[in-house]
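Have your viewer open as you read.

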Amino acid sequence: MDVELMTVDEADRSVLANLIQFYLYDFSDIRDLALTWHGTFTYRHLDGYFTEADREAHFITVDGRLAGFALIRGDVDGDGSWNVAEFFVARGHRRQGVAREAARRLFARHPGVWTLSFDHSNAPAAALWRSVVSTLAVGPVGEIDRHPPEAAVASTRLRFRVAGEPAPRPR
């Protein structure tokens, strides 16, 4: 199984927008997400991944086939750290190590400090991220729980450092 990350170009923006609909549909089980009258979910940040230098969008592929996406943002805390904003693996590719390998490749692109958050009600995400981070982090992993009204939903934020050389730029 060959898991790769590919940069999402403007020409593939509509493909990413379609995948985000599946992602938000999955999230609608744990968050109060309403459909628009067009039968879609709203994702306000898509444009930024094509116009802002500190955002990156990547497709996740398995053996050359589309399997998901990862959206990351740079310098979220004003200290040069990176943040996993959104991460999605389609159902047909779950529980096969795809997410773990895609995350490993994603973190290798930007060695240094990373953050990510997951909802308390998303047990699979909590298990995945704690496991992945525990194997890749160099040094301690900071963990902060947030609850309403401080945060929109009860969530955990991980902050950790990844060592290594930057990976080659995605194709």
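Why does Ala-99 count as buried? Its relative accessibility is 16%, and buried means under 20% relative accessible area, with exposed being over 50% and partly exposed in between (1.4 Å probe, protein chains only). Before going on, note that this is a predicted model, where local features need pLDDT of at least 70, side-chain atom pairs count only at pLDDT 80 or more, and totals for chains, interfaces and linings use all residues. Residues are numbered from 1 along each chain as its sequence is written, and side-chain values use heavy atoms, with hydrogens and water left out.

Ala-99 sits in helix H3; helices (H or I, at least four residues) and strands (E, at least two) are DSSP runs, numbered from the N terminus. Not counting residues up to four places away in sequence, Ala-99 touches Phe-87, Val-89 and Leu-128, where contact means heavy atoms within 4.5 Å.

Ser-81 is a loop residue, placed between strand S3 (65-74) and strand S4 (82-89). Ser-81 counts as buried because its relative accessibility is 0%. Its side chain makes a polar contact of 2.8 Å with that of Asp-79; such a contact is a pair of N or O atoms within 3.5 Å, one able to donate a hydrogen and the other to accept it, and residues adjacent in sequence count only if both atoms are side-chain atoms.

Now for helix H4 (residues 123-136): its 14 residues reach 20 Å from first C-alpha to last, close to the 20 Å expected at 1.5 Å a residue, taken as 1.5 Å times one less than the number of residues. Its two sides look like this:

| Side of H4 | Residues |
|---|---|
| Buried | Ala-125, Ala-126, Trp-129, Val-132, Val-133 |
| Exposed, turned away from the buried side | Ala-123, Pro-124, Ser-134, Thr-135 |

Down the axis of H4, the buried residues fall within an arc of 150°, so they line one face; the arc uses directions from the helix axis to the C-beta atoms. They pack against S4, H3 (98-109), strand S5 (112-119) and strand S7 (155-162).
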